[in-house]
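Trainee: I am new to this structure and would like to learn how to read its aromatic rings and its core. Could you walk me through them?

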Amino acid sequence: MADNSSSRQGELGSTLFSPYNVGNFNLSHRIVLAPMTRCRALKGIPNAAVGEYYGQRSTPGGLLISEGTSISPTAAGFPHVPGIYSEEQVEAWKNVVNAVHAKGSIIFCQLWHVGRASHSLLQPGGVAPISSTSKPLSKRWRVLLPDGSYAVYPEPRPLTTSEIQQIVQHYRHSAINAIRAGFDGIEIHGAHGYLIDQFLKDGINDRTDEYGGSVENRCRFLIQVVRTVVSAIGAERVGVRISPAIDHLDATDSNPLGLGLAVIERLNNIQKEFGKKLSYLHVTQPRYIAYRKTKSGREEEEAHLIRNLRKAYEGTFMCSGGFTRKLGIEAVAQGDADLVSFGRLFISNPDLVLRFKLNAPLNKYNRKTFYTYDPVIGYTDYPFLNKGNGTKQIVARL
């Protein structure tokens with residue numbers, strides 16, 4: 001299996017708008033739609049509005065990552081998030097995927113289990129959410145309930161050792177369902193304080209079995225999920241997302257760089273084991289937490305951490321977290337990332353790729369409509385660029 005390091009060096013000087021190959025897929029640019037919870041799949045079923053939303057953000061040769069998609073009835077942490085565990089959901093996703101493919105885009109399904117970041121009102125039978133631990137989230141965090149109100153997170157129930165294998169199989173089943181629905185691949189969400197991250201981080205994981213304690217044990221659940229999913233659908237269809245330095249939802253670790261490098265070492269070994277690269281590793285930068293920008297020396301520390309992870313990973317490296325057009329261009333040009341995913345800017349700018357190419361003004365996003373249930377407002381109603389006044393001619397030359 002070839003090492004990407006030499007080809008990576010050859011890509012220095014590439015731009016955000018350069019072509020790039022991800023597994024079997026040929027991308028025409030490096031701008032990726034980041035996975036973002038939108039709460040528009042009523043009762044967990046993707047509908048016509050969901051298809052319109054992703055279709056709007058599709059470009060020929062573009063890569064889209066779906067919002068977090070529940071792998072089981074226990075996995076949801078927001079109302080009206082889509083699932084991929086039932087036959088009805090698989091059939092509904094086919095219409096969304098078809099809308100994206102009709103525009104020439106590639107779409108991966110992000111497989112998601114929120115773990116303790118849920119509420120009994122979002123759980124089947126009103127039971128406690130599951131986690132690596134019985135420790136609840138601190139009261140600084142609030143969970144969105146079906147009636148639109150917010151509440152503190154309840155105490156979770158720690159999974160037994162034997163139950164963990166059931167969750168691994170839920171990931172496998174959902175990955176197979178995603179491919180059946182027409183998705184080009186899947187992303188395993190191992191970041192941002194959700195279930196897999198609750199095993200990875202020593203600030204949460206207080207287990208005394210083979211899934212707790214040492215970094216090797218804390219990585220075990222993620223690596224079992226990755227290996228099982230790769231066995232089911234192939235490495236080239238599997239991406240992994242991690243956030244070792246992000247403290248979202250109280251997900252802290254005493255050694256973020258060490259944790260990230262430990263995960264990467266094991267992902268590299270899986271690639272060697274199967275003789276194929278994973279699609280990509282997707283890492284959220286610490287500036288995802290906005291207040292970190294104000295701390296002295298933080299940006300230099302961020303760059304050091306991310307570059308060390310980038311150097312260690314033997315494959316396609318994607319970054320996300322607070323990127324602007326300028327920062328995205330710099331990340332690719334300097335070799336810090338192969339791909340850059342954009343979230344909030346893509347919410348309010350369905351034609352973000354075009355706007356970035358033209359360096360055109362951007363629509364401002366409205367946070368108040370991020371998690372509403374309306375199928376249009378704050379979802380599919382953001383305006384596109386006016387194609388008049390010479391814009392068509394400019395686009396034709398790109």
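**Rings and core**

Mentor: Tyr-53 counts as buried because its relative accessibility is 1% (buried means under 20% relative accessible area, exposed over 50%, partly exposed in between, with a 1.4 Å probe and protein chains only). This is a predicted model, where local features need pLDDT of at least 70, side-chain atom pairs count only at pLDDT 80 or more, and totals for chains, interfaces and linings use all residues. Residues are numbered from 1 along each chain as its sequence is written, and side-chain values use heavy atoms, leaving out hydrogens and water.

Trainee: How many aromatic pairs does the structure hold?

Mentor: A pair of aromatic rings is described by the distance of the centres and the angle of the planes. Rings of Phe, Tyr and Trp (its six-membered ring) pair if their centres lie within 6.5 Å; planes under 30 degrees apart count as stacked, over 60 as edge-to-face and the rest as tilted. This structure holds 14 such pairs. In one of them, Tyr-53 and Tyr-379 are stacked, at 4.3 Å centre to centre with 5° between the planes.

Trainee: Is Tyr-379 buried or exposed?

Mentor: Tyr-379 is buried, at 0% relative accessible area. Phe-342 and Phe-356 are edge-to-face, because their planes lie at 75°, with ring centres 5.1 Å apart.

Trainee: Which residues touch the most other members of the largest nonpolar core?

Mentor: A nonpolar core is a set of buried Ala, Val, Leu, Ile, Met, Phe, Trp, Tyr and Cys residues joined through side-chain atoms within 4.5 Å. The largest has 81 residues, and those touching the most other members include Tyr-171, Leu-222 and Phe-342. A second, separate core of 17 residues includes Trp-141 and Tyr-194.
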